[in-house]
Amino acid sequence: MTTAEYATSPTPVGPFTTLVDPDGAVLAAGWTGDAEELRVLIHPRLRPASLRERPSLGAVTRAVEKYHDGDVFAIDDITVRQLSGPFLVHAWEVLRKVPAGKPVTYTAFADLSGRPEAIRAAANACARNAAALFVPCHRILRTDGSLGGFRWGLPVKRWLLDHEASRTG
């Protein structure tokens, strides 16, 4: 692939940028205004050589806006495309099934992913996730209930969890 399109939307926790492939599948996303910061997170076989800014990515941008406005399920049907080894790809699919407002621990996530002993691998799936929000790694917590890490900062993770809890609980 040579060119990906991207758009940045304002959100209550800062700018949110999404990169999509020519089919409209999300390749990377996060709370940044820097599309290049996201481009380098994409697996080399999917990584676009260049980026083209758009004012909107259609359904993807609408889903981002609806999510931040309160429809925490708006992101669920957006197509995401990420590559890695079989466990990481599977773990990312499992992350998409963790319901909004119902975070789980890294231990539970490892179990849901079919490898209960692989807690570090489950944490690695969160750390290597390029498509934040659409693959909701923010819904995974430490066993003691603390936030753990998040590429986009713990204040953003806290906001996301509170936002989802207030819309689903």
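This note covers the nonpolar core and the aromatic contacts of a predicted model.

1. The largest nonpolar core has 51 residues. Those that touch the most other members are V26, W31, L95, F109, F134 and I140. Helix α3, residues 86-95, is the main contributor to this core and supplies six residues. Both domain 1 (3-69) and domain 2 (86-166) are represented, each with at least three residues in the core. As background, nonpolar side chains in soluble globular proteins tend to be buried together.

2. W31 deserves a separate entry. Leaving aside residues up to four places away in sequence, W31 touches T11, V13, G14, P15, F16, H68, A132, L133, F150, W152, V156 and L160. W31 is buried, and so is its contact F16.

3. Three aromatic pairs are found when the whole structure is searched. In one of them, F16 and W31 have ring centres 4.7 Å apart and planes at 70°; with planes over 60 degrees apart counting as edge-to-face, the pair is therefore of that kind. F16 belongs to strand β2 (residues 16-20), whereas W31 sits in the loop between β3 (26-30) and α1 (35-39), so the pair ties together parts 15 residues apart in sequence.

4. Which residues do the ring pairs link into a cluster? They are F16, W31, F134 and F150. Of these, W31 and F134 are also among the core residues that touch the most other members.

5. A charged group over a ring is the last item. R115 lies over the face of F87, with a distance of 4.5 Å from the ring centre.

How values were computed:
Residues numbered from 1 in each chain as written. Predicted model: local features only at pLDDT ≥ 70, side-chain atom pairs only at ≥ 80, totals over all residues. Heavy atoms only, no water. Core = buried A, V, L, I, M, F, W, Y, C linked by side-chain atoms within 4.5 Å. Buried < 20%, exposed > 50% of the residue type's maximum accessible area, 1.4 Å probe, protein only. Helix = DSSP H or I, 4+ residues; strand = E, 2+ residues; numbered from the N terminus. Domains from an automatic or database assignment. Contact = heavy atoms within 4.5 Å. Phe/Tyr/Trp six-rings, centres within 6.5 Å; stacked < 30°, edge-to-face > 60°. Lys NZ or Arg CZ within 6 Å of the ring centre and 35° of its normal.
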